Amino acid sequence: MARSGLAAAARVARWADAALGPGRDSATDDGKATLSDATAERAARELGLTPAQVRADWDTARLAGLVEVHGDSARPGWRLRAWDRDDSAVLRGWVALFDAWSLAHPEPEEHEPAAVAEVVSAMPQALSFLQLSAGPVPVEQLLDLLEQRVTELRTARCEIPYGPQPEPPAEPEPTDAPLAPLLDWALRALASVGALTYGDGQATLTPLGSWAVWVKLEQICVAAQSPAGNIEQAADDMLRGCAQLRPNAARAEYRAWLAARPVGSAVTELLGAARGEDALLRGLAFEALRVVGAPAEPDVRGVLDEPTLRPYALLWLAEHDGADPEDAHEVLTREEATWLWVDTAAAVADHGEAPLLVRHLESAIQPTVPMLLDEVRAVGHPRTVQVLVALAAAHPDPALAKAVRRAAFQVHTGGS
């Protein structure tokens, strides 16, 4: 179901990979990841689609992590690279789209932003109810549940803690905003990403939607198990197999893998894995390079000019030169530290559990969430939208989740 639902998006992403790669025509003309008219029309001609279909499939591909945009150029995401051989990559792509349902099908402009944010915050409870019901649920019943949840959110927001308080938000309180049209929008949006079916006054989760909600309810992470024979695997597969091992066990696997091949080719292979789109493998590759030690120094120093690898290489070199691992981050500029925070968050979002992503928020160097969001948006990491959407979906604080969703929407649309 996930492959079928994302097939059109994958097709456009593959076309972009072939037609818009390095040295070819640009994907966009505004630096905001929006396809230029000429590119959309060209894709439509070559794929037998309309320009509107191309743009819709392009947006879906971006939200699902099948394509990443850097300035005015595009490149395939790691999920597209793994599409044909890795079912978990397909499922993770669909879950990323599922988490971004409110961006995939934007709300009508006449609705108050605060009311929309409340409904987005309340929908996980409605989805849980649909999952537990295991069948069609009347929209009237979902509306009652939504109204109860929104009332709870508003009541919680009215609690005044002790001490100085920030200025109240500029957005008006949606005390009288009708929820029925917003529920209709939310259900249509969720249906557009394949999470449920909606019609005849009732909604039903699809098997794929039911699975995704169950995974989130149980906080289950689908992770690769360590395969037998890591020593014989290529670097990517070896690192993926070690992902769930404890640090000492992983280091033992790295040593065995390194012992079976020349150090030069091993370092080259590990750096190749680090250049891939999977941020988890990037971090693990540098952990394996720490086991290599001094022989890896020239090669690690040689990647300092590569923006994707530079923060990892700087930390590696600082620790190699004797810096305490807890103090090594001081060698990074603020921008490099922020980029690394987003890259690590991408690894957690792809391979970790929701509570771990929430805890990762506390590791940011910025003292406040608004400052973090401003600097995350400015640093231009290609996975920014997916990271912010996943963080908003995971965070239990409705106000913070709302701010993070707003930032994700601004990055997605290129707004400010």
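Buried means under 20% relative accessible area, exposed means over 50%, and partly exposed lies in between (1.4 Å probe, protein chains only). This report uses those words for a predicted model, in which local features need pLDDT of at least 70, side-chain atom pairs count only at pLDDT 80 or more, and totals for chains, interfaces and linings use all residues. Residues are numbered from 1 along each chain as its sequence is written, and side-chain values use heavy atoms, with hydrogens and water left out.

## Overview

The protein has 416 residues, and 46% of them count as buried. It has 22 helices and five strands. Helices (H or I, at least four residues) and strands (E, at least two) are DSSP runs, numbered from the N terminus. The accessible surface comes to about 20,000 Å². Carbon and sulfur atoms own 53% of that surface. Such areas come from the Shrake-Rupley method with a 1.4 Å probe; for residues, only the protein chains shown count as cover.

A contact means heavy atoms within 4.5 Å. Take the contacts with a separation of 6 or more: 64% of them join residues 24 or more positions apart.

## An enclosed helix

Helix H12 covers residues 235–242. Six of its eight residues are buried, so H12 is largely enclosed by the rest of the structure. Those buried residues are Ala235, Met238, Leu239, Arg240, Gly241 and Cys242. What do they pack against? Their neighbours are helix H13 (247–259), helix H14 (263–274) and helix H15 (279–292).

## Salt bridges

Side chains of opposite charge can pair when their charged atoms come close. A salt bridge is a side-chain nitrogen of Lys or Arg within 4 Å of a carboxyl oxygen of Asp or Glu. How many turn up in a search of the whole structure? The search finds 19 salt bridges. The table shows some of them.

| Acidic residue | Basic residue | N to O distance |
| Asp343 | Arg282 | 2.8 Å |
| Glu336 | Arg310 | 2.6 Å |
| Asp350 | Arg383 | 2.9 Å |

Start with the salt bridge between Asp343 and Arg282. Asp343 lies in helix H18 and Arg282 in helix H15, so the pair ties together parts that are 61 residues apart in sequence. Both Asp343 and Arg282 are buried.

Next comes the salt bridge between Glu336 and Arg310. Glu336 sits in helix H18 and Arg310 in helix H17, so this pair ties together parts 26 residues apart in sequence. Is Glu336 buried or exposed? Glu336 is buried, because its relative accessible area is 13%. Arg310 has 29% relative accessibility, so it counts as partly exposed.

The side chains of Asp350 and Arg383 also meet in a salt bridge. This pair links distant parts of the chain: Asp350 is in helix H18, Arg383 is in the loop between helix H20 (369–379) and H21, and they are 33 residues apart. Asp350 is buried, with a relative accessible area of 1%. Arg383 counts as buried at 4%. Salt bridges that share partners join Arg79, Asp350 and Arg383 into one network.

## A residue in helix H21

Gln386 belongs to helix H21 (residues 384–394). Its relative accessibility is 10%, so Gln386 counts as buried. Which residues does Gln386 touch, not counting those up to four places away in sequence? They are Arg62, Leu63, Ala64 and Gly65.

## Positive phi in two loops

Most residues other than glycine have a negative phi. Ala134 has a positive phi, near 55 degrees. Ala134 lies in the loop between helix H8 (113–133) and strand S3 (137–138). It counts as exposed because its relative accessibility is 70%.

Asp200 is not a glycine either, yet its phi is positive, at about 55 degrees. Where is Asp200 placed? Asp200 is in the loop between strand S4 (196–199) and strand S5 (202–205). At 82% relative accessibility, Asp200 counts as exposed.

## A negative patch

Asp324, Glu326, Asp327 and Glu330 form a negative surface patch. Patches are made of residues with over 30% relative accessible area and no salt bridge, and like charges are joined within 9 Å. Asp and Glu count as negative. The place of a charge is taken as CG of Asp or CD of Glu. Asp327 lies in the loop between helix H17 (310–320) and helix H18 (334–351). Asp327 is partly exposed, with a relative accessible area of 40%.

Definitions and conventions. Patches are made of residues with over 30% relative accessible area and no salt bridge: like charges are joined within 9 Å, nonpolar side chains (Val, Leu, Ile, Met, Phe, Trp, Tyr) within 5 Å.
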